[in-house]
Amino acid sequence: MKRKLNCLFVINLLIFAQVFPKKAIDLPSPYCDLKEVLPFNGHGWYTNGVWIEKLMKQNKIYTVIEVGSWLGASTRHIASLLQANGKLYAVDTWEGSVEHYENQEWKKMLPTLYEQFLSNIVHAQLTDRIIPVKSTSINAALDLKNQINKVDLIFIDAGHDTESVLNDLVIYWPFVQNNEGVLCGDDWYWESVRKAVIIFAKNYKLTLYADDNFWFLKKEDDFNLKSFKTSSNDVWIFDRLQ
Ligand SMILES: C[S@@+](CC[C@H](N)C(=O)[O-])C[C@H]1O[C@@H](n2cnc3c(N)ncnc32)[C@H](O)[C@@H]1O
């Protein structure tokens, strides 16, 4: 009799799993609001893994704000390197940037971008570390200012026009400026991004490091103009990371 009941329980469990195959029950908010966990989609533009890993191993990183997450390629990697009990606040409108509307493949992803991001984090089992902040970068900064008192690393990868990058640098720098945190980001190859980062570094007298497609700023020394030069094509060459 007991065996029969056990069998029935297992069969019911299997039926339940069939009817509700991928519900995000028992997950923290906002993951539990997902009507369905979508299949994993690893799309993204994250090529900075080596540098991020270096920075995160050299510095004890507990709290990160990422500005611009898309489907979470960078988010998942950075979150996986956090110290125990660390948290990553993923800031994004999940509405895409200008360039995403101009490409048919990316445009098609926009209607379910947020659900796909949440699903990817569920698949990666990082829902306890990654806190989605669905908002513009400016509004999110205003909210987070009242919630977090110490941030160790900011990763900027949202709007890529010079004005957007400069705005994000100005509003997110205060989160790390008093605690020797790192302000870094993607897309050094973009002229518009380079322009913003250089203007900001000069104005705030920060040391700027860049290599491949990655850049980061620290308060260590006065911004050293002698450590880089411009070529005739106005290509900036910086100290390389060691
Ligand atoms: C290049 S994608 C981020 C790529 C991602 N880091 C990766 O590893 O694949 C830029 C993201 O920034 C978001 N975004 C653009 N402008 C924004 C803004 N002003 N505030 C918040 N998010 C923004 C877009 O929705 C998009 O998801």
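Tutor: Buried residues make up 35% of the 242 in the chain, where buried means that 20 or more other C-beta atoms, placed from the backbone, lie within 10 Å of the residue's own. Mind that this is a predicted model: local features need pLDDT of at least 70, side-chain atom pairs count only at pLDDT 80 or more, and totals for chains, interfaces and linings use all residues. Numbering runs from 1 along each chain as its sequence is written.

The chain has 9 helices and 9 strands, taken as DSSP runs (H or I, at least four residues, for helices; E, at least two, for strands) and numbered from the N terminus.

Now zoom in on H8 (residues 162-176) and H9 (residues 191-203): their axes come within 8 Å and cross at roughly 35 degrees. Those axes are lines fitted to C-alpha atoms over the stretch in contact, with angles running from 0 to 180 degrees between N-to-C directions. H8 brings Thr162, Val165, Leu166 and Leu169 to the contact, and H9 brings Ser192, Val193, Lys195, Ala196, Val197, Ile199 and Phe200; contact here means C-beta atoms, placed from the backbone, within 7 Å. By type, that's 8 nonpolar, 2 polar and 1 charged, with Ala, Val, Leu, Ile, Met, Phe, Trp, Tyr, Cys and Pro counted as nonpolar, Asp, Glu, Lys and Arg as charged, and the others, Gly among them, as polar.

Note on methods. A residue is buried if 20 or more other C-beta atoms lie within 10 Å of its own, exposed if 12 or fewer, and partly exposed in between; C-beta atoms are placed from the backbone. Two residues are in contact if their C-beta atoms, placed from the backbone, lie within 7 Å.
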